[in-house]
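I open these notes to record what I looked up in this structure. The entries follow the order in which I consulted it.

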Amino acid sequence: MKGALSGLTTRGRCLLAAGLAAALCSLVLNERDLLRVAAFIVALPLLVAVMTAVARVGLHAQRQIMPPRVHVGGRAEVVLHVRSSGRLPTGGLLVSDGVPYALGGKPRFVIEHLPRHGGTQLRYGLQPMLRGIQQIGPLKATVTDPFGLAEFDRELAGSSRLVVVPRVVPLRGVPGGSGLGSGDDGSVRLNAGKGEDDAVVRPYRQGDDLRKVHWRSTAKRDEMMVRVEESPWRGGTTVLLDRRIVGHRGSGAASSLEWAVSMAASVCVQLHRHGHQIRLVTESGGIIVTDHGDGSHNDGLVLDALAALEPVHQREVACPADPGHGQELIAILGAATAASLGELIRHRTRGARSLAILLDVGAWGAGAGESDPAGAAALLTGAGWGVVTARPEAPMTQVWADLCRTGTKRGDSMTGVG
C-alpha cells in the first residue's frame, strides 16, 4: 500500500485530503450521508493507485535495432515490442526511449489501451550524423489512470548499442607498384629466371640475424640485404591515421578529423577489395586493427574500430619505430611539425614505398598553431614519399586518384633503381 500511495498525483493527494476532511466533518456534525461520501472520496484514489501499480508490474518490452551497424548519414529503425502480462488491461501508457542528442529527438508514444495478455509494436527512425558507439535507452513507461489520480514510472528495457561507422566513399584503383623491385611486399627478387640463384631479399633492419645476409645482393646494391626465408606478406599495406586534436581543425562531422577517419575507412575497404592485408595504426604506431594473415578480410572490424576511435591530446607524430614494419605505408596526416615528420621519415625502412595524404587543416577552420602543408609536402617529397594535399572541397575520389598516380610514378622510379 505504501508503494501505491507514492504514485498518487497532486490531484489524487488533494482528493484524498478532501475525503479525510469530509470524514472529519461528518463525525463532528454527525452526518452519516456525508460520511458515505467521504468514504467514497477516500477509497477512489486508493483503489486507482493500487490498480495502476498492478498494471505497471505486468508491463514488459523488447527493443530491436535494424541494422545494428549504420554509417554516418544512413538510417536505422528501432522497433519496440510492448506487451502486458497482467490480469487487468492497461490504459494511458506513455512510452519514451532514451536517444542521444547526436541521433535526434527523444521519441514518445501514447498507448491509449493495451489489452491484458496482449501487446503492440512501436517504431521510430534514427539518422546518425556523427560516428561513435551510441547507447539507445533505457526504455521507460509512465502508467496513468483515466482520472489522473495516480502515476507510476517503470523501466521496461535497458540500453542497446548502435554502432555508427564512418562514411565509406567508393574509390577506384590502387597505387601501382609496391616499393623497391617487383615484390608486392616491398622486397626485391634478384636474378629472376636463373634457377637456384633466385633470392627474395630486402634491406637489412636492426635486429635481423646476420646469418641471413645475402652477400651477393649486398655487393651489387652497396647496401646490406637479407634473405627473406618465409613467405612475404603479399599485398600488405599499413594505413596510418593521425588522430591528434592539435593536428586537426573544425568540429563535429565537418571537422578535418572526421574527414581523415572517413578517408581511412574508404582506403581500407578499397585495399581489402583488391586483396591487400591491412594494418591500421595511429600516429604513435599503436595498432587499431590488423588482418590475421589468413587471407580473410573483414571490413566490419576496421569500421567498428574506427567508429570507436577517440582523438588524443598528443602533441607530435611520434612513432618509436617504422609504423609500416617495412611494408607499404599510406599515412593520412593532419598538421605536423617538421621535427615530427623528420622522425617519421627517419624510422621508415629504406626502399619501402611511402605515400601520404596531407590535410590542409587551415581550410577546415582556424585554430591554435599554423598549418604549413606546402612545407610538409616538400619535406616528405624530398625524402622520396608520394604526397597529395587534401582540402575539404576536394572529393575523396579525386584525392585517392591523385595518390594512385603519385604512387605509380613513385613505384616506377624505384623499380629503376639498381
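**Entry 1: the sheet**

I looked up the strand order and found an open sheet of six strands, β16-β15-β14-β17-β18-β19, with mixed pairing. I note that the edges are held by β16 (287–290) and β19 (386–390); each has a single partner strand, so one side of each is left without a neighbour in the sheet. From one strand to the next, I recorded an average twist of 15°. The model is a predicted one.

**Entry 2**

I then turned to β14 (residues 237–241) and β15 (residues 278–282), which run parallel and are joined by five bridges. In this pair I found Leu240 opposite Val281 in β15.

**Entry 3: helices on the sheet**

I traced helix α5 (residues 256–273) across β14, β15, β17 (328–333), β18 (354–359) and β19; its direction is at about 170° to β14. Helix α6 (residues 299–307) also packs on the sheet, where I found it touching β14, β15 and β16, and its direction makes about 165° with that of β16.

**Entry 4: the helix pair**

I asked at what angle α5 and α6 pack. The angle is about 170°, and the axes lie 10 Å apart. An angle over 145 degrees counts as roughly antiparallel, and α5 and α6 are therefore roughly antiparallel to each other. In the contact, I listed residues of α5 including Val261, Cys268 and His272, which meet Asp299, Val302, Leu303 and Leu306 in α6. I sorted the contact residues into eight nonpolar, one polar and one charged.

**Entry 5: an annotated span**

I consulted UniProt, where an unreviewed entry lists residues 40–59 as "transmembrane region". In the model I found this span to be 90% helix and 5% strand, with its end C-alpha atoms 29 Å apart.

Note on methods
Residues numbered from 1 in each chain as written. Predicted model: local features only at pLDDT ≥ 70, side-chain atom pairs only at ≥ 80, totals over all residues. Heavy atoms only, no water. UniProt positions renumbered as here; feature names shortened; annotations may be inferred. Helix = DSSP H or I, 4+ residues; strand = E, 2+ residues; numbered from the N terminus. Pairing = 2+ DSSP bridges. Axes fitted to C-alpha atoms, helices over the stretch in contact; angles between N-to-C directions. Contact = heavy atoms within 4.5 Å. Parallel < 35°, antiparallel > 145°, perpendicular 65-115°, else oblique. Nonpolar A, V, L, I, M, F, W, Y, C, P; charged D, E, K, R; others polar.
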